[in-house]
Amino acid sequence: MQIDLAHKNILVTGATRGIGRAIAEQLAEAGACVAVHYHQNKEIAEQLAKELGNGSLAFQADLSKSEEVLKLFSSVLDKFSKVDGLVNNAGIAISANVESSDEAFVDSWSQTMRVNLNATGLLSKKAINHFQEIGGGRIVNISSRAAFRGDTSDFLAYAASKGGVVALTRSIARAYGKQNIQAFTVAPGFTRTDMVEEFIEKYGEEYVKNDIALTSLTQPRDIAPTVVFLLSGFADHATGATIDINAGSYVH
Ligand code: NAD
């Protein structure tokens, strides 16, 4: 099997670091032109786009703002004229629990939903509108193990937002499959990125390793190949599926 994404334009959100960066790098290795979305790191994003090659370019947007989400998709279309795939990867995990003040809880809840769920929904909408015009396309949404087993008391909003992502993805697969539009969920478990550094510092690596069946923690490079495969066309009959990549934590 040879995966060839040459002449495919793929938008990856949150592509400058962590899981998004590994996805962007492996997509480019497979020949894709990547629309490298970033929030604040313009220099890093432009450098990455240059390194990726294949005509890849960087695009800025604060995904907590609907108008910027909409502008992001149209800016990518302006430059590339077609988009073949979308990876909704950007996400945040802000802690707040029931002991927090109501105000702090509402702030955390709203920001989490805006970035993790609203932006994913809105970008999916724009992608579907576009895919309908060009005859099809693929969406990969990055959810989390938290959608299925729940999360700790500090991350109620995070788990809820990721559950929403799963339901959204399945609905897209169900509603638009006959229009040649496929949608998949990838649900990572604990993955070593900036997002979880604080957690590792607090609880230690051994604590996390106790939760998994393998000997080492999952790295972003362990998630990316599945995303490339799902975007390749070889997995279209798995549309609507969730692929768990959590180092065997469900069977441990
Ligand atoms: P990360 O913090 O390294 O990356 C998150 C990305 O999202 C960054 O590039 C950041 O710029 C972007 N982002 C955050 N807020 C934004 C905003 N307002 N506007 C635009 N971009 C914004 O984390 P990561 O671990 O690489 O996470 C990537 C995805 O994987 C997330 O959706 C996360 O929920 C999911 N995930 C991560 C883990 C894990 O253990 N690391 C586990 C399950 C799921």
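Here is a short briefing on the ligand site, the salt bridges and a couple of other spots. Keep in mind that this is a predicted model.

**Around the ligand**

- The ligand has 27 residues around it, and the ones that come nearest are Arg17, Asn89, Tyr158, Thr191 and Thr193.
- Sorted by class, that shell holds twelve nonpolar, twelve polar and three charged residues.
- Three helices each give at least two residues to the shell: H1 (18-29), H6 (156-176) and H7 (194-203).
- Backbone atoms get involved with the ligand's oxygens: a polar backbone atom of Ile19 is 2.9 Å from one oxygen atom, and a backbone N or O atom of Asn89 lies 2.7 Å from an oxygen atom of the ligand.
- On its own the ligand would expose 820 Å², and the protein buries 93% of that.

**Salt bridges**

- Searching the whole structure turns up 13 salt bridges.
- One of them pairs Arg21 with Glu51, where the closest N and O atoms are 3.9 Å apart. This pair ties together distant parts of the chain, since Arg21 sits in helix H1 and Glu51 in helix H2 (residues 42-52), 30 residues apart.
- Arg21 counts as partly exposed, because its relative accessibility is 23%.
- Another bridge joins Asp84 and Lys82, with the closest N and O atoms 2.9 Å apart. Asp84 has 13% relative accessibility, so it counts as buried, whereas Lys82 is partly exposed at 28%.
- Glu205 and Lys209 also form a salt bridge, their closest N and O atoms being 3.7 Å apart. They are four residues apart in helix H8 (residues 205-209), so about one helical turn separates them.

**A loop residue**

- Asn97 is in the loop between strand E4 (85-88) and helix H4 (102-134).
- With a relative accessible area of 17%, Asn97 is buried, and its side chain reaches the backbone nitrogen of Glu99 at 2.9 Å.

- Met1, Phe229 and Phe234 make a nonpolar surface patch of about 350 Å².
- Phe229 belongs to helix H9 (residues 220-232), and its relative accessible area of 31% makes it partly exposed.

Note on methods: Residues are numbered from 1 along each chain as its sequence is written. This is a predicted model: local features need pLDDT of at least 70, side-chain atom pairs count only at pLDDT 80 or more; totals for chains, interfaces and linings use all residues. Side-chain values use heavy atoms; hydrogens and water are left out. A residue is near a molecule or strand if one of its heavy atoms lies within 4 Å of it. A polar contact is a pair of N or O atoms within 3.5 Å; within protein, one must be able to donate a hydrogen and the other to accept it, and residues adjacent in sequence count only if both atoms are side-chain atoms. Accessible areas come from the Shrake-Rupley method with a 1.4 Å probe; for residues, only the protein chains shown count as cover. Ala, Val, Leu, Ile, Met, Phe, Trp, Tyr, Cys and Pro count as nonpolar, Asp, Glu, Lys and Arg as charged, and the others, Gly among them, as polar. Patches are made of residues with over 30% relative accessible area and no salt bridge: like charges are joined within 9 Å, nonpolar side chains (Val, Leu, Ile, Met, Phe, Trp, Tyr) within 5 Å. A salt bridge is a side-chain nitrogen of Lys or Arg within 4 Å of a carboxyl oxygen of Asp or Glu. Buried means under 20% relative accessible area, exposed over 50%, partly exposed in between (1.4 Å probe, protein chains only).
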